[in-house]
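Please read them beside the model.

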Amino acid sequence: MRLEDIAVGLRRRSAWEAIDLGQVMLRQWAPRIYGTWFATYWLAGLLLLAFWPWPEYVIPLLWWLKPLFDRVLLHVCSRSLFGEACSVRDVLRGLPRLLRAPGLISGLSLRRFSLARSLLLPVWQLEEQRGAAARARFALLGRRCRGHAVWLTFFCANMSSVLLLSLLLLLLALVPGEHPDWSLWDWFSDGESPARHLVGTLGFMLAETIVEPLYVASGFSLYLNRRSELEGWDIELGLRRLAQRLAAGVVSAPPLLVLLVAGTCWLVPVPALAATAPPAGVAAPAPLPAKPPAAARAVIDAVLADPVFGQLRHDWRWHWRRHESPSGEPGHSWLAVLAGLAESLAEFLRGLLWLFTGLALAVLVLLLVRYRRRSAPTGPQRQPEFVAGVDLRPESLPVEVAPVAAAALARGAAVEALSLLYRGALRSLIAQRQIGFAAGDTEEDCLQRVAGQVPVAVERCFAEVIEAWCLVAYGGRPLPGRRGEELLAAWQRHFGSSGGGQR
């Protein structure tokens, strides 16, 4: 790798700047990148559409194989970075080597759902790392920029979905007339349509054509920025250029240097060399004693054994931002801080006020909806003649319900007896308790309307009558034992006074 040939200006960049650099790289190398993309991805997609017997699985298959086509894009980007001409023919010729590169099986299986896939692919393909070395390299590269790679994946995945949906909606909006294959409602139904699969797959491939090269180029630039930060590429390149300038200066200097030395020797007398000697009476400084290698090694080992040495730690702390106050106003910064705190507190309290106001309104509406049926009627209300499918008209019930129901039980007509008890209980609740029933109420609705409006014993008796009525009338099952007599006795205690019809 020759850093002198790199086509990108090496400097310290933030991770977001590196991602933006990928977009610039894509624009610069667009003919090569998109030519290779159409020669591989689109060729594979069209072949699948033409010969794959299950067209509904073409989109999932192309999505799953995207890491394979990303290798082709990364190959073009890595060659173009150092000024190499990479044609479509060269890429197709080197395709077997790309397929044999490390990480292909892992990229299509375990790490297919990795959100930092764009940052990990160069480790496999360009560095050819495997196993534990690759995992250690992943951890080192992702220590500071893995989150940015994850956000890049999240953005590109959502952008691809939005583009696909937009293309389909645009196409459906522009289709004239009515056709079952081109209606928005039927497009996402379970029906099979070859035209629908064809248009959907082409739209997916077009959306990926817009997004995927940008995704690979941005991930590659993020990888380059991280490697430049770790290995000091910009510093190394600057030192190499400095060395080249110094070497060029040394090559051109010998003739001038010979003349300068000759003139100096002719002009300066030899006794002047004695000026460098120390004055009389002053002892020359003694040279520092050199430590033996063993002692130096011991000092180095002691430094390396220090737990502070060689550690990398990220320390996040909250602290106040200090603002320099103007001269003559020493308390201005504190006043500004207090004013900011007061304004923040006021905004917070205002937000709480609106929140509690909204909650109070929601609770009020809920209470009004819940208890609107329990409020006392303002005027006479007409009760329905039929509730839950049973007749409540006074002329349909006998004057004395209990004797007629007992006679029906005696001759084995349990349905008739329970119908009388059920309708008599409803009439009693309407007349005595002023409970309003609706014509469309079911047995369960009747129980809910009675709940909490009558004494517990009356509510329990009404529930037992409804349970027995459903068991006999809907379930076609007989009443067990003396259950009928027990229900009749309980009904007489709670509803017997006003459960009959017209007198």
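The points below take up the cores, a surface patch and the aromatic pairs in turn.

1. This is a predicted model, in which local features need pLDDT of at least 70, side-chain atom pairs count only at pLDDT 80 or more, and totals for chains, interfaces and linings use all residues. Residues are numbered from 1 along each chain as its sequence is written, and side-chain values use heavy atoms, with hydrogens and water left out.

2. The largest nonpolar core has 56 residues, a core being a set of buried Ala, Val, Leu, Ile, Met, Phe, Trp, Tyr and Cys residues joined through side-chain atoms within 4.5 Å. Buried means under 20% relative accessible area, exposed over 50%, and partly exposed in between, with a 1.4 Å probe and protein chains only. Among the elements that give two or more residues to this core are α2 (30-51), α9 (131-174) and α11 (194-231), and α11 gives the most, with 12 residues. Helices here are DSSP runs (H or I, at least four residues), numbered from the N terminus.

3. F220 is one of the residues with the most contacts inside the largest core. Leaving aside residues up to four places away in sequence, F220 touches M25, L74, C77, S78, L81, S118, P122 and L126, where contact means heavy atoms within 4.5 Å. A second, separate core of 37 residues includes V387, L392, L429 and I435.

4. On the surface, I235, L239, L242 and L246 form a nonpolar patch with about 400 Å² of accessible area together; such patches join nonpolar side chains (Val, Leu, Ile, Met, Phe, Trp, Tyr) within 5 Å, from residues with over 30% relative accessible area and no salt bridge. A salt bridge is a side-chain nitrogen of Lys or Arg within 4 Å of a carboxyl oxygen of Asp or Glu, and areas come from the Shrake-Rupley method with a 1.4 Å probe. L239, found in helix α12, is exposed at a relative accessible area of 53%.

5. The structure holds 15 aromatic pairs, counted when ring centres of Phe, Tyr and Trp (its six-membered ring) lie within 6.5 Å, with planes under 30 degrees apart stacked, over 60 edge-to-face and the rest tilted. The W52 and W54 rings are edge-to-face, because their centres are 5.4 Å apart and their planes at 70 degrees.

6. The W491 and F495 rings, with centres 6.3 Å apart and planes at 40 degrees, are tilted. F495 is buried at 1% relative accessible area and touches, among others, L429 and F462.

Note on methods. Patch = residues over 30% accessible without salt bridge, like charges linked within 9 Å, V, L, I, M, F, W, Y side chains within 5 Å.
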